Amino acid sequence: MSKIGIAVVGFGYWGPNLVRNFRASPEFDVRFIVESKPNAQANARTRFPEVETSADYDAVLADDGVHAVAIATPTATHFPLAKAALEAGKHVLIEKPITSSAHEAQVLIAMAAERGLTLMVDHTFIYTSAVNLIREKIKSDELGELYYYDSTRINLGLFQADVNVLWDLAVHDVSILMYLIDKKPTKVSAHGIAHVNGHPENTAYMSLFYSDDFIAHINVNWLSPIKTRQTLIGGEKKMIVFNDLEPTEKVKIYENGINLNVDEETSDKLKIGYRLGDIHVPHLETTEALAVMAGHFASSIKEKSEPKTSGQMGLEIVEVLEAATQSMQRSGEPIEVGGVN
């Protein structure tokens, strides 16, 4: 296989970004843009006149020149579209989250494995230089024992009709967490409110609990007057501030923390001392994350290797989101991850 023929399904918010990056990649040949809405079709033809636009998904899947599909449609449609593609022998990339339920994700994983096809989820942050640098710092023990992860991911809109704000925004933090610390939470507690009748929760707070003393808290909101994308990661030795909206200094490493010493006078009490040090701003590569993701998708297909953001990872993230949704329905009751019923 020289170039991988790919069809991008959906030309709404995210589809144009996928088309642009796949067209820029030497590994791909964008054969089709699949879109059923007339306005979106017209937009696709205007922006990418050299790519054929089609509303006939079945015909596109029947084309032998199409080896893979990238699905950028509403979450509720992910499962049937991906299932049809796998049945047609196509490799599949799915926009986050992989599916609307863990069961659907399990079905897709099994189908891909049976057919020897690549199933990958576009958890874009995993392919950013910022998140990969933070992972390196954690893995090298530069931060020491991790204490907490605290994220604020808020803005005004975009309101989603088929998923709540956790599935739309907190999904990013859940994927980042799994990638950074290589472990799943044991329980999840969440509170959320729907302020617009007929729509899912637009404001939510989620806490993730682990088997050790590490804890994570995520604040997500579609009703904020400002856009914030800031994450704090506290460690025993150092702490990190990750501000994704910063144009250049996205990651700052603080040599701050606390020192615990036994009080010599009482010998049975701990004295807490505060440690203030330098701030380090590391250099980050400027390659667009989607370009990195596209290259990884290509190598996973050609080398028949497991993607970093595999179907299995997508499943584990959906299990967390399902538990969080059930917790919201039960007024914040902690729910065991993977034990939703």
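A residue is called buried when its relative accessible area is under 20%, exposed when that area is over 50%, and partly exposed in between, as judged with a 1.4 Å probe on protein chains only. Asn 21 is buried by this rule, because its relative accessible area is 7%.

The structure is a predicted model, in which local features need pLDDT of at least 70 and side-chain atom pairs count only at pLDDT 80 or more, while totals for chains, interfaces and linings use all residues. Residues are numbered from 1 along each chain as its sequence is written, and side-chain values use heavy atoms, with hydrogens and water left out.

Helices (H or I, at least four residues) and strands (E, at least two) are DSSP runs, numbered from the N terminus. Asn 21 belongs to helix H1, which covers residues 15-24. Contact means heavy atoms within 4.5 Å, and, when neighbours within four places in sequence are left aside, Asn 21 is in contact with Glu 288, Leu 290 and Ala 291.

Gly 257 is part of strand S14 (residues 257-262), and with a relative accessibility of 9% Gly 257 also counts as buried. Apart from neighbours within four places in sequence, the contacts of Gly 257 are Met 239, Gly 273, Tyr 274 and Arg 275. The C-alpha atom of Gly 257 is separated by 6.3 Å from that of Lys 237, although the two residues are 20 residues apart along the chain.

**The nonpolar core**

In soluble globular proteins, nonpolar side chains tend to be buried together. A nonpolar core is a set of buried Ala, Val, Leu, Ile, Met, Phe, Trp, Tyr and Cys residues joined through side-chain atoms within 4.5 Å. The largest such core here has 105 residues, and Phe 22, Val 69, Leu 166 and Met 206 are those with the most contacts inside it. Helix H7 gives the most to this core, with 13 residues. Beyond its neighbours within four places in sequence, Phe 22 has contacts that include Ile 6, Val 8, Ala 294 and Phe 297.

**Two packed helices**

Helix H5 (residues 102-115) and helix H9 (residues 311-329) pack at an angle of about 170 degrees, with their axes 9 Å apart. Axes are lines fitted to C-alpha atoms, for helices over the stretch in contact, and angles run from 0 to 180 degrees between N-to-C directions. Angles over 145 degrees count as roughly antiparallel, under 35 as roughly parallel, 65 to 115 as roughly perpendicular and the rest as oblique; H5 and H9 are therefore roughly antiparallel to each other. Among the residues that make the contact are Ala 105 and Ile 109 of H5, and Leu 315 and Val 318 of H9.

**Salt bridges**

A salt bridge is a side-chain nitrogen of Lys or Arg within 4 Å of a carboxyl oxygen of Asp or Glu.

| Pair | N to O distance |
|---|---|
| Arg 135 and Asp 182 | 3.3 Å |
| Lys 183 and Asp 212 | 2.5 Å |
| Asp 244 and Lys 250 | 3.7 Å |

Lys 183 is partly exposed, with a relative accessible area of 28%, and Asp 212 is partly exposed at 39%. Finally, Lys 137, Glu 142, Lys 238 and Glu 255 are linked in a network of salt bridges.
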